[in-house]
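Me: Please show me the model, and then let us go through the terms used to describe it.

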Amino acid sequence: MTHDHISGTLSVGQRDSELNERLSQGLDEVNFPATGTTAADQGSLSVKVADDAGELIGGLTAWTWGGLLGIDMLWIREQSRGDGWGTKILMAAEEEARRRGCDRACVSSFTFQAPGFYQRHGYVETGRTLGFPGGAEDVHMFKNLVQVSTVHSVTGSPAVER
């Protein structure tokens, strides 16, 4: 089989919102059939905390798709770190994701950021991307959002409840 060479113009530049939209559309055409999902299965999610003066304390942006919560960014202003806002924001996002039908979550965090924070909240490392400036690594993590607890049945033997 032979293929005719198609001529074209290659260009390199800054972020191109039209290109981004077209690439997203093209990937959706492949991804939805491959995963059994639809556009209705994806959404965006945000959690924001402001102080009494209306100034941003911190927040989280994320997406949901086919039962997966994907955390993009979580940030707390420096003077409010250690006040528990990170935990409150993360728990609110996970709860909203569960409400939307998500049963798992993923996030990545540079080694100089907060992988320990996520691990303390039940996330487990699944891999790393090397080669970031300053010798940093991007730590990829996953969490099962389904709460599994052991309860005792009427007979006294352990049973699993979801």
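Me: Which residues do ring pairs link into a cluster?

Reply: Ring pairs link Phe110, Phe112 and Phe132 into a cluster. Rings of Phe, Tyr and Trp (its six-membered ring) pair if their centres lie within 6.5 Å; planes under 30 degrees apart count as stacked, over 60 as edge-to-face and the rest as tilted. This is a predicted model, in which local features need pLDDT of at least 70 and side-chain atom pairs count only at pLDDT 80 or more, while totals for chains, interfaces and linings use all residues. Residues are numbered from 1 along each chain as its sequence is written, and side-chain values use heavy atoms, with hydrogens and water left out.

Me: Why is the pair of Phe110 and Phe112 called stacked?

Reply: The structure holds four aromatic pairs. In the pair of Phe110 and Phe112 the ring centres are 5.3 Å apart and the planes lie at 15°, so the pair is stacked.

Me: What makes the pair of Tyr118 and Tyr123 edge-to-face?

Reply: The centres of Tyr118 and Tyr123 are 5.6 Å apart, with 75° between the planes, which is edge-to-face.

Me: Why does Phe112 count as exposed?

Reply: Exposed means over 50% relative accessible area, buried under 20%, and partly exposed in between (1.4 Å probe, protein chains only). Phe112 has 58% relative accessibility, so Phe112 counts as exposed. Phe110, at 23%, is therefore partly exposed.

Me: How do you know that the charged end of Lys88 sits over the ring of Trp85?

Reply: The criterion is that NZ of Lys or CZ of Arg is within 6 Å of the ring centre and within 35 degrees of the ring normal. The charged end of Lys88 is 4.6 Å from the centre of the Trp85 ring and sits over that ring.
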